[in-house]
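Q: I have a structure open and would like to learn how to read its features one at a time. Could you take me through it slowly?

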Amino acid sequence: MGWCFRRFVGCIVWFCLKIAMKVVDLAFETFGNENNCPLIILHGFLASSRNWRTVAKRLAENHYVYVLDMRNHGASPHAEQMDYPLMAHDVIDFMDKLGLAKAHLLGHSMGGKIAMWFALHYPERVQKLVVADIAPISYKHSFDAVIHALRSLPLDRIKNRKEAEQFLADAIPDAGFRQFLLQNLLLKDGNYFWRINLDFIAKTAHNIVGFPEPARQRLADKALFIAGERSAYIQPDAVLKLFPRAEIVEIANTGHWLYVEAPDIFCQVVDNWLNN
């Protein structure tokens, strides 16, 4: 009777918590054989599952890969609130609905912070953790200029993507980054629109740059952190403070977008870690 009562109370608490946290039903894509060990991929800020299709197909040779669209990104619903505890709860809800007791987690940038927060608070749900080019710290940079540029795009006047790219060129001089951002620009019935909610994202971008103080002070399990040689995002001292058994691997001649710049090496590093 005692055990049943505790379980009943636990279910009620979890149900109330889900309501309070306003969980979002995440859109996702899958790749591979569903009999293989599950691997969940979490994308970065202003990205989506579609940015990971090439890598997901490679990793699907040995895993059943779920690539999620986080809240306010891709095909997932928009929500006014967006921070790492909320997004971690979205992933928990996703796993519960699909009956995934445990899974490997791979996150890049914002997705890496979600994965770290998740692993620190729900270690029993993580098989192995892989974090790509991000650390569990608050960064000094801001997304304000980029978001302002996207919000300033005259959607009612542009006729094609080339015009949109030219309009953004001064504010976002990196052509590759412009192309990446413009994957969020869609055309329907002759009209362009952003599939990301720029208003909500603008209000919550400071949460993405930051990293809240976790309840758990360190993760006892091993973890893999993959850094781009030309990137300064991973700071070993900050990583080892929370993940003392972390292994940090650097991929030569890559920056922050290491999985795009060197997909073969990136997939090999991830596969070796997950399969050993």
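A: Let us begin with a single residue, keeping in mind throughout that this is a predicted model. Lys113 touches Tyr84, Ile134, Ala135, Ile137, Tyr139, Ile208, Val209, Gly210 and Phe211, when residues up to four places away in sequence are not counted.

Q: Where does Lys113 lie, and is Lys113 buried or exposed?
A: Lys113 has its place in helix 4, which covers residues 110-121. It is buried and yet has no salt bridge, for the nearest side chain of opposite charge, that of Asp133, is 12 Å away. To judge such a case one needs the cut-off, which asks for a side-chain nitrogen of Lys or Arg within 4 Å of a carboxyl oxygen of Asp or Glu.

Q: How should I read salt bridges in general, and how many does the whole structure hold?
A: The general idea is that side chains of opposite charge can pair when their charged atoms come close. In this structure, a search of the whole finds nine salt bridges. One of them joins Glu29 to Arg53, with the closest N and O atoms 3.0 Å apart. That pair links distant parts of the chain, since Glu29 is in strand 1 (residues 28-31) and Arg53 is in helix 2 (residues 53-59), 24 residues apart. Glu29 counts as partly exposed at 21% relative accessibility, and Arg53 is also partly exposed, with a relative accessible area of 35%.

Q: What does Asp96 pair with?
A: Asp96 forms a salt bridge with Arg125, and here the closest N and O atoms are 2.9 Å apart. This pair links distant parts of the chain, with Asp96 in helix 3 and Arg125 in the loop between helix 4 and strand 5 (126-132), 29 residues apart. Asp96 is partly exposed, with a relative accessible area of 34%, whereas Arg125, at 13% relative accessibility, counts as buried. Salt bridges that share partners can also be read together, and in this way Asp25, Asp93 and Lys97 are joined into one network.

Q: What does Asp90 touch?
A: Asp90 lies in helix 3 and is buried, with a relative accessible area of 0%. It touches Val23, Val24, Leu26 and Arg71, not counting residues up to four places away in sequence. Asp90 and Leu26 are 64 residues apart in sequence, but their C-alpha atoms are 7.1 Å apart in space.

Q: How many aromatic pairs are there, and how do I read one?
A: The count comes to 16 aromatic pairs. Tyr66 and Phe94 form one that is edge-to-face, at 5.6 Å centre to centre and with 80° between the planes. Tyr66 lies in strand 3 (residues 64-68) and Phe94 in helix 3 (residues 84-98), so the pair ties together parts that are 28 residues apart in sequence. Both Tyr66 and Phe94 are buried. Phe177 and Phe180, by contrast, form a pair that is stacked, at 5.9 Å centre to centre and with 15° between the planes. These two are three residues apart in helix 7 (residues 175-181), and about one helical turn separates them. Phe177 is partly exposed, at a relative accessible area of 23%, while Phe180 counts as buried at 11% relative accessibility.

Q: Which residues form an aromatic cluster?
A: Phe28, Tyr64, Tyr66 and Phe94 form one aromatic cluster. A ring may also have a charge over its face, as with Lys128, which lies over the face of Trp273 at 5.9 Å from the ring centre.

Technical notes
Residues numbered from 1 in each chain as written. Predicted model: local features only at pLDDT ≥ 70, side-chain atom pairs only at ≥ 80, totals over all residues. Heavy atoms only, no water. Helix = DSSP H or I, 4+ residues; strand = E, 2+ residues; numbered from the N terminus. Buried < 20%, exposed > 50% of the residue type's maximum accessible area, 1.4 Å probe, protein only. Lys, Arg positive; Asp, Glu negative; His and termini not counted. Contact = heavy atoms within 4.5 Å. Phe/Tyr/Trp six-rings, centres within 6.5 Å; stacked < 30°, edge-to-face > 60°. Lys NZ or Arg CZ within 6 Å of the ring centre and 35° of its normal.
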